[in-house]
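Have the model open in your viewer and follow along.

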Amino acid sequence: MNPTGETIFVKLGGSLITDKTREATPRLDVIRRLAGEVRGALDASPDLRLVLGHGSGSFGHFAARRYGVHTGLAGQSDWRGLAETSAAAARLNRLVVDACLEAGVPVISFQPSASARKRAGVVADLATGPVQAALAHGLVPLVYGDVAFDDDQGTAIISTEDIFLYLARRIPPSRILMVGIVDGVYEADPIRHPGSRRIPVITPATLAQGGAALGGSHGADVTGGMLAKVRALATLVAEQPNVRVHFFSGEVAGRLRAALLGDETFGTVLRA
């Protein structure tokens, strides 16, 4: 059972809540089921403090690639791509918000691009006060992959991992749950290479030795794929050794609820 007031960050991957091979295609049944599992965990452990996040999947990623938002628009005259990508990401967020509220999860959505600023691809500023206030009042802050202005390259993507890393240094979590379509981290993309081996435990040290073998993401992704996500979170674990990151599949009903309540018998755990 979780200790009172445990803070957990949860990311619902874009590949899980959308069909990343088809533009702007949500998986509404999956979104609703996951929202119900979050409600079930809160019912079982009412003192959980949750920060939810989700990827943009086939909404934001397709728009970003079309306009090159992820590579920056500095020096260009047409910045419409920033607006289009932000709007696409917000459309998916609205679906997640509605599903959570319908399930009884008191989410309040925070649009990252409203306050985020990057510098050379790294988050320089992001408003955290409202997120802290939401937690203090028993609400569940919901963030998502979005766009941001970048001081050097003009525009950039701000991924859920970027946001979690920034928040974690101000609102330290005990665990981060990364919920995707595959059951953990594999040596290669298990969708393209069914015989690839799952890695049960990763540490920052083992990642440094063999990280190049990790598989990438399936479908459109402008945030760097699995290897980039694991490396970024390994940096946090190295800084905060008490943090554990759990990668697992949300395709299996009940897994998210079980993980929220402390079950780590499946997927991959990244720990110090």
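**A strand and its neighbours**

Let's begin with strand E2 (residues 49–54), which runs parallel to E6 and is joined to it by three bridges. Before going further, please note that this is a predicted model, where local features need pLDDT of at least 70, side-chain atom pairs count only at pLDDT 80 or more, and totals for chains, interfaces and linings use all residues. Residues are numbered from 1 along each chain as its sequence is written, and side-chain values use heavy atoms, with hydrogens and water left out.

Helices (H or I, at least four residues) and strands (E, at least two) are DSSP runs, numbered from the N terminus, and two strands pair if DSSP finds at least two bridges between them.

How enclosed is E6 by the rest of the structure? Five of the five residues of this strand (residues 140–144) are buried, so E6 is largely enclosed. Buried means under 20% relative accessible area, exposed over 50%, and partly exposed in between (1.4 Å probe, protein chains only). The cover is on both faces of E6: Val140, Leu142 and Tyr144 are buried on one side, and Pro141 and Val143 on the other.

Now turn to the helices. Helix H6 (residues 160–168) packs with helix H8 (residues 225–239) at an angle of about 0°, and their axes are 10 Å apart. The axes are lines fitted to C-alpha atoms, for helices over the stretch in contact, and angles run from 0 to 180 degrees between N-to-C directions. H6 and H8 are therefore roughly parallel to each other, a label for angles under 35 degrees. Glu161, Leu165 and Ala168 of H6 meet Lys229, Ala232, Leu233 and Leu236 of H8, where contact means heavy atoms within 4.5 Å. By class, this contact of H6 with H8 has five nonpolar, no polar and two charged residues.

Finally, look at two alanines. Most residues other than glycine have a negative phi. Alanine 24, however, has a positive phi, near 50°, and is placed in the loop between helix H1 (14–17) and helix H2 (28–44). Its relative accessibility is 42%, so alanine 24 counts as partly exposed. Alanine 120 has a positive phi of about 55° and lies in the loop between strand E4 (117–119) and strand E5 (122–125). With 54% relative accessibility, alanine 120 counts as exposed.

Technical notes:
Angles under 35 degrees count as roughly parallel, over 145 as roughly antiparallel, 65 to 115 as roughly perpendicular and the rest as oblique. Ala, Val, Leu, Ile, Met, Phe, Trp, Tyr, Cys and Pro count as nonpolar, Asp, Glu, Lys and Arg as charged, and the others, Gly among them, as polar.
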